[in-house]
Structure formats: C-alpha cells, structure tokens
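Subject: Structure handover

Hello,

Here is the structure for you to look over. My notes follow below it.

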Amino acid sequence: MKCIIVEDEPIARRGITKMAATISQLELLDGFNNAESAAVYLQNTEVDLIFLDINMPGINGIEFARTIPKTTLIIFTTAYSQYAVDSYELDAVDYLVKPIDSARFRKAVDKAIAYHALLLDEENKSVDKVADDYIFVKSDRRFYKVNLADIFFIEGLKDYIIIQMENDRIITRMTIKNIYEWLPKEVFIRVNRSFIVNKDKIDSFDNNDIYIQKYEVAIGNVYRNEFLKAVMGGDTYKTSP
C-alpha cells in the first residue's frame, strides 16, 4: 500500500515513519507538515493510505479528510481520544492516540491492509435480498447466505459496507443507510454514522464505547440516547462519564 504522513509535529512524524518502515506491505511515499502541501501532492499522485493528524495549523485533519478521494483510506492520529467519533463520521479506518504504541499501530495498519484488499477484490458484491433472519450477499456470480444472528456489526466504509462476523468478514457495495432500512430494528442498532451493531452480540458497554469480543465501537453523541434506550429499555439511561 502506498501511504503518506500528514503530521505537523516532527517527533510524531519521525515516529510514524519508523513504525511504517517495519511493515513490508507499506510503501511510504512522503511526509508533510501541513494539509495544504499534502493536497497538492495528491493531485498528481495516487495514495492508498494517509496517516493524518487532526490538530494542525491552517486546514486541520478533519477538514482535509473531507477532500480526500474516496479510494484513499485514512488512519487519524491525535492526542485527544474524543476525536474517535469524528473519525467514524469521516469513514476513517481507525484512529491512533499519541503517543502511538507500536502494537496498536500495527493493528490499525493490518485493518487498513485488509480493507484495501477487500476494496480491490470485492467490487462486484452486492446484497440482493433480506429475509426475516438472513441476507444473501452476491460474490463472484454466486449468492452467499448470511444469518443475521451471526453478524457482530456492520461498518460503512466509503461506498461499501463491511459485514463482520466471528470468523468472517464480507464487503459489499451498498450504503450503511440502505442496509439499516432493511434490518430488524429490535436487534440492530445504529450507534454512529458508520456502524450498526447487533444488540444480541454486545458483551459490555460504557458511555462512550461498545465491546463485542475483541472489537470496540464508539457511540456517537447523537445516537447515544437511542442506543441506551434500546439496550436498557424504558427511559433514557445514563452511565457515569
């Protein structure tokens, strides 16, 4: 994967450069200390992945992300964990909180590599039909049955959705809004702009995040009350900060 770093802090930029060099699947093309220079670079160069700082002078990372081509994946880097929900709102693959741990960096990159491969290989997939307890997902001229009860969550990424199960992940060209309209609302809950979770698969949650086995999904501010009502029942329930 061809990648660039957009980070105004020299120490952080060097750190990301060093960690990226340890991953053979990454080809680091360049690094920039501001979004303006990176934008000029992207006009003439195809990039698969951007490590993007959020807090930068001039155009910040959030603003810049809105201008990035849909074919380019983003991993946000930030000193503030509260930006996690913002990253989902912009279809980012992941976000890393500084100082960045090397194992956490590798996990985010592995996720980006997997998504990139799926986007390259699975462009002809589509969801064909939804029944009461399953959906059919088209792949390579065949339809594969996916039981709704097996779905952990559905993630929106660019113009695709990713259906995550325990031992499998399927990608299809569809918007998260459209798939949500098809799903039974008593089981599937929209928890931020990019994620729908299966209520029956939730292991635990707090005021900010949902935990399903090894996965962690942020709860968006505008979705929090409806989520809490759906899982707790009755009136809005508030957890401690």
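Glu 9 is partly exposed, with a relative accessible area of 38%. (Buried means under 20% relative accessible area, exposed over 50%, and partly exposed in between, with a 1.4 Å probe and protein chains only.) Lys 98 counts as buried, at 17% relative accessibility. The two form a salt bridge, with their closest N and O atoms 3.8 Å apart. (A salt bridge is a side-chain nitrogen of Lys or Arg within 4 Å of a carboxyl oxygen of Asp or Glu.) This pair links distant parts of the chain, 89 residues apart. Lys 98 sits in the loop between S5 and H5, and Glu 9 in the loop between strand S1 (2–6) and helix H1 (10–20). (Helices, H or I with at least four residues, and strands, E with at least two, are DSSP runs numbered from the N terminus.)

Before going on, the ground rules. This is a predicted model, in which local features need pLDDT of at least 70 and side-chain atom pairs count only at pLDDT 80 or more, while totals for chains, interfaces and linings use all residues. Residues are numbered from 1 along each chain as its sequence is written, and side-chain values use heavy atoms, with hydrogens and water left out.

Salt bridges

Lys 98 has another partner. Asp 53 forms a salt bridge with Lys 98, and here the closest N and O atoms are 3.2 Å apart. This pair also links distant parts of the chain: Asp 53 is in strand S3 (residues 49–53), and Lys 98 is in the loop between S5 and H5, 45 residues apart. Both Asp 53 and Lys 98 are buried. A network of salt bridges links Glu 7, Glu 9, Asp 53 and Lys 98.

Searching the whole structure gives six salt bridges. One of them joins Asp 94 to Arg 104, with the closest N and O atoms 2.8 Å apart. Asp 94 is in strand S5 and Arg 104 in helix H5, so the pair ties together parts that are 10 residues apart in sequence. Asp 94 is buried at a relative accessible area of 9%. Arg 104 is partly exposed at 29% relative accessibility.

The largest pocket

Asp 94 turns up again here. The largest pocket has a volume of about 540 Å³. Its lining has 21 residues, and the closest to the centre are Asp 94, Lys 107, Lys 111, Tyr 215 and Glu 216. (On a 1 Å grid over the protein atoms alone, a cavity is a set of points where a 1.4 Å probe fits but cannot get out; a pocket is an open set with protein on both sides within 12 Å along at least five of seven lines; lining residues have an atom within 4 Å of a point. Grid points are joined across faces, edges and corners, and a volume is the space filled by probe spheres set on the points.)

Which elements give two or more residues to the lining? They are strand S5 (94–97), helix H5 (102–121), strand S9 (151–157), strand S10 (160–165) and strand S16 (215–218). H5 gives the most, with five residues. By class, the lining has 10 nonpolar, one polar and 10 charged residues. (Ala, Val, Leu, Ile, Met, Phe, Trp, Tyr, Cys and Pro count as nonpolar; Asp, Glu, Lys and Arg as charged; the others, Gly among them, as polar.)

Strand pairing

S16 also belongs to an open sheet of three strands. The order is S14-S15-S16, and the pairing is antiparallel. (Two strands pair if DSSP finds at least two bridges between them.) Strand S14 (204–205) and S16 stand at the edges with a single partner strand each, so one side of each is left without a neighbour in the sheet. Strand S15 (residues 209–212) is joined to S16 by four bridges. Ile 210 stands opposite Val 217 in S16. Ile 212 has Tyr 215 in S16 as its bridge partner. The hairpin of S15 and S16 has two residues between the strands, and Gln 213 there takes a positive phi near 50°.

S10, another lining strand, is antiparallel to strand S11 (residues 169–173), with five bridges joining them. Ile 161 stands opposite Thr 172 in S11. The hairpin joins S10 to S11 through three residues.

Whole chain

The protein chain has seven helices and 16 strands. Of its 241 residues, 47% are buried.

Best wishes
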